[in-house]
Amino acid sequence: MLGTSQIDEVDRILAKTEGKIERKRGRMCNHGANSKCTNCLPLDPYDEEYLKEKEIKHMSFHSHVRKLTDGHGKSTKMLKPLENDSYKLEPKCPNGHKPFPKGICTKCRPAVCTLMRQKFRHVDNITIENDYVVNRFLNYWRKSGHQRIGYLIGRYIKSDDVPLGIKAVVAAIYEPPQSSSADMVKFEEDPHSEAVDQICTFLDLKRVGWIFTDLWSKDASEGTVHCTRHKDSFLVSASECITAGSLQNKYKNYTTFCNDGYFGSKFVTVVASGDSSEHINFSGYQVSNQCSALVDADILCPTSHPELASVRTKPKSETHYITDVMYTEKNEYGGTVQRDGRPMPVEYLLVDVPAGMPKESFNTFHRPVEDQAEFPNENRATIGEDQDLKSISGYIKQFTTADFLAMATNFHFLLFLKNNNIVPFSNDEIRGLCECIRTQDAKAANEWRKNTGNWTTLMSLLDTIEMDAPTNNNAADGSGGASWACQHCTFENTSSSTDCSMCGLPCNG
């Protein structure tokens, strides 16, 4: 059953918005100022001529819904017009025969998939709040030469550029555990995934998409990169489409316009790669609902050519059913012909979404001023950026108590407070601080600082870093592999260093 709290606020607003496109009185109008005629009557948000004139390639999701539900003079409307695609075998057939492969019928067999270019999109624009957000993310590639993945943290709001449109606004980028090299990157298991979502909820934010790099330096002195993705090569590879489809299936778009309680997804994909001017460019996409359904049925796979996907030739198990997938295209004579989906161009699976930064940047989270130390991002130990107490101290101590709210308004800092095993903060403590940040209430933030015991404990630990500590000769002697327990965080160290590998504090033993 769909919980009303799962529906995004922007959907509630747009569902109540009329969405008509107002037109001014023109030269063909011969009526009075308070009258309307066919030349100046408001247009529907899905009016094809208007969308074509404004070069809007895809109508918005709510315009699509409005087109399906408008009565056009009829007395009733279809209140739940949306239906999710499914290409999976129905496990319990109402006809009562034996399960596949011993039995199958038209009731439980999925329909043949005929790929159609999607005419609407769930998100109409992707806006990254400022250049600091993306530069902080790109610095990993700049320092290591390795590709990088991140989750886009932000919100969905109404877009004024498209009738009944939705914009994904990116406020931060969370970098999960991952393995990478110069030519690949992949997700690893994330033990802190739930904590990320909790903090997002406390801040009234959510994961709105994912971003990955495909960057190859051309001239480091000039900051140029190779252009590898273009209309004559590929824009998004088949394997990336499959990953995007999997993520869109995970982060569903909840709605009352479908009996399932959800339809498609607002989760977007952003690719950071070189453009024709050999500079880093950000391109936004979603995969179609059909693509997500094919991924959900586990029948879509990549090929040796990144621009081509394919339907599996063999099932993964005896109970795995592979439906036929077809698409149509123009042949050399201009006629429309039907093709088999082994292989298929990924362009049939993609919906492009404009992505960029606003002319006037804005900041949900604190943006460091010149010469101000950054809070280290998570999962960056491979480039020497560690969230140890020394780096934490360097970040915190550069702010006065009057600037506590600015210091705490940092997504990565909040995630550290939640996840660290030195002074772990409770959910209630994190929720309280997040509420101060969400409302930007400096007075409440300072009350939190003074009255939260774990914060006092953390500050006491940071103060010990500045104190001179005698050398621990036993710990410094690495012979024999002796270990020593840190008196601050109790971590069992095996290195010869006199500083704890976990919290970075000196051993006073």
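**Rings, sheet and helices**

Author: Both Phe-404 and Trp-448 are buried, where buried means under 20% relative accessible area, exposed over 50% and partly exposed in between, with a 1.4 Å probe and protein chains only. The model is a predicted one, in which local features need pLDDT of at least 70 and side-chain atom pairs count only at pLDDT 80 or more, while totals for chains, interfaces and linings use all residues. Residues are numbered from 1 along each chain as its sequence is written, and side-chain values use heavy atoms, with hydrogens and water left out.

Reader: How are the rings of Phe-404 and Trp-448 arranged, stacked or edge-to-face?

Author: Rings of Phe, Tyr and Trp (its six-membered ring) pair if their centres lie within 6.5 Å, and planes under 30 degrees apart count as stacked, over 60 as edge-to-face and the rest as tilted. For Phe-404 and Trp-448 the centres are 6.0 Å apart and the planes stand at 25°, so the pair is stacked.

Reader: Which parts does the pair of Phe-404 and Trp-448 tie together?

Author: Helices (H or I, at least four residues) and strands (E, at least two) are DSSP runs, numbered from the N terminus. The pair ties together parts that are 44 residues apart in sequence, because Phe-404 lies in helix α9 (residues 404-408) and Trp-448 in helix α12 (residues 442-451).

Reader: What kind of pair do the rings of Phe-413 and Trp-455 form?

Author: Phe-413 is buried with a relative accessible area of 0%, and Trp-455 is buried with a relative accessible area of 4%. Their ring centres are 6.2 Å apart and their planes are at 80°, so the pair is edge-to-face.

Reader: Which residues do ring pairs link into a cluster?

Author: A search of the whole structure finds 21 aromatic pairs. Ring pairs link into a cluster the residues Phe-375, Tyr-395, Phe-399, Phe-404, Phe-413, Phe-416, Phe-425, Trp-448 and Trp-455.

Reader: What is the order of the strands in the open sheet of eight strands?

Author: Two strands pair if DSSP finds at least two bridges between them. The pairing in this open sheet is mixed, and the order of its eight strands is β19-β13-β12-β9-β5-β6-β4-β20. One side of β19 (350-353) and one side of β20 (355-356) is left without a neighbour in the sheet, because each stands at an edge with a single partner strand, and those edge strands are β19 and β20.

Reader: How do β4 and β5 run against β6, parallel or antiparallel?

Author: Strand β6 (residues 165-174) is mostly covered, as 10 of its 10 residues are buried. Nine bridges join it to strand β5 (residues 149-159), with Arg-155 facing Val-169 as a bridge partner. Four bridges join β6 to strand β4 (residues 125-128), where Ile-126 has Ala-168 as its bridge partner. The pairing of β5 with β6 is antiparallel, and that of β4 with β6 is parallel.

Reader: Why are the buried residues of α8 on the same side?

Author: In helix α8 (residues 389-396), the residues Leu-389, Ile-392, Ser-393, Tyr-395 and Ile-396 are buried. The arc is that of the directions from the helix axis to the C-beta atoms. These residues lie on the same side of α8 because they cover an arc of only 160°.

Reader: Which ring does the charged end of Lys-266 sit over?

Author: A charge sits over a ring if NZ of Lys or CZ of Arg is within 6 Å of the ring centre and within 35 degrees of the ring normal. The charged end of Lys-266 is 5.5 Å from the centre of the ring it sits over, that of Tyr-156.
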